Amino acid sequence: MLLQNKNAVIYGAGGAIGGAVARAFAREGANVCLTGRRRGPVDAVADDILATGGCAKVAEVDALDERAIDQHLQSMGRVDISFNAVGIPAAKILGVPLIEMDAEQFVLPIAAYTRSYFLTARLAARRMIPNKSGVIMTVTALPARTGTTLNGGYGSAQAAKDALTRDLSAELAPKGLRVVGLRPHGMPETNTMKEAFELKAKALGMTWEQFQGFLANWSHPRRVMTLVEMANVAVFMASDNASGMTGTTVNLTMGGVAD
């Protein structure tokens, strides 16, 4: 069990990615603290983990609220892994050409994604540094590395998270911490891709099946990555087996973009 007795906090644990990572961490022996702005989806993930003999606790935490994050971390005690899988509703940021988008709508994802990642990383790091160990993780996406249409500030937000991963690592690695990211391409299992279909592809006359084919064609094997595959890599990256990796975002686009 790669994460035996590790204390892991997952932000956005009620979402598809956060939930998949939480289940995988628990399966590998971690004590997982699941957080989200709404308890319902998070409770469902915790129930799955507890049903299989895992250890899971749930808390309602707004990952944009510094005080809420700090208070929750204080209640956890030791923190070994911090995983930020927070997302914002796609309806607020997708589907509008850049030349027709107002500045507030463009900036929204950049401000929200970077604020959440910065706060959760900084506050976790303060608790990890005395132990001279810990792993801080997040998720970005293919638009961080290549141009896409009708995504507003989403690609800029993901690129900013990639940059923050590097900067956090440069400061924290000498103190014994690792900072890494994961970059999967669009996974149809997630609500984000379902929303993207409704807001973008459907308007272009695509069916759901055609949209899935479009996503698959970005990759070399011409298929989409699964949540399970992504979560398995997350486990490895959080484990001591990946001790030599920091300051990088792992490319999980299966050839969709080059590093």
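Ground rules. The model is predicted: local features need pLDDT of at least 70, side-chain atom pairs count only at pLDDT 80 or more, and totals for chains, interfaces and linings use all residues. Residues are numbered from 1 along each chain as its sequence is written, and side-chain values use heavy atoms, with hydrogens and water left out.

Helices first. Helices (H or I, at least four residues) and strands (E, at least two) are DSSP runs, numbered from the N terminus. Two packed helices are described by the angle between their axes and the distance between the axes. Axes here are lines fitted to C-alpha atoms, for helices over the stretch in contact, with angles from 0 to 180 degrees between N-to-C directions.

Start with H1, residues 16-27, and H2, residues 39-51. Their axes come within 10 Å and cross at roughly 25°. H1 and H2 are therefore roughly parallel. The cut-offs: under 35 degrees is roughly parallel, over 145 roughly antiparallel, 65 to 115 roughly perpendicular, and the rest oblique. The crossing of H1 and H2 is right-handed. Who touches whom? On H1, Gly19, Ala22, Arg23 and Ala26 meet Val45, Asp48 and Ile49 of H2. Contact means heavy atoms within 4.5 Å. By class, the contact of H1 with H2 has 4 nonpolar, 1 polar and 2 charged residues. Nonpolar covers Ala, Val, Leu, Ile, Met, Phe, Trp, Tyr, Cys and Pro; charged covers Asp, Glu, Lys and Arg; the others, Gly among them, are polar.

H1 has another partner, H8, residues 227-238. These two pack at about 55°, axes 9 Å apart. That makes H1 oblique to H8. The crossing of H1 and H8 is right-handed. H1 brings Ala16, Ile17, Ala20, Val21, Ala24, Phe25 and Arg27; H8 brings Leu227, Met230, Ala231, Asn232, Ala234, Val235 and Ala238.

Next, H4, residues 103-128, and H5, residues 154-172. The angle is about 20°, and the axes are 8 Å apart. So H4 is roughly parallel to H5. The crossing of H4 and H5 is right-handed. The contact includes Phe106, Tyr113 and Phe118 of H4, and Leu164, Leu168 and Leu172 of H5. The contact of H4 with H5 counts 14 nonpolar, 4 polar and 1 charged residues.

H7, residues 208-216, has Phe211, Leu215 and Ala216 buried. Buried means under 20% relative accessible area, exposed over 50%, partly exposed in between, with a 1.4 Å probe and protein chains only. They cover an arc of only 140° around the axis, which puts them on the same side of H7. The arc is that of the directions from the helix axis to the C-beta atoms. The buried residues of H7 pack against helix H6, 191-201.

Most residues other than glycine have a negative phi. Leu150 is not a glycine, yet its phi is positive, about 60°. Leu150 sits in the loop between strand S5 (134-139) and H5. Leu150 is partly exposed, at 27% relative accessible area. Met254, also not a glycine, has a positive phi of about 55°. Met254 is in the segment after strand S7, 248-252. Buried or exposed? At 19% relative accessibility, Met254 counts as buried.

Notes:
A crossing is left-handed if the near helix is turned anticlockwise from the far one by less than a right angle, and right-handed if clockwise.
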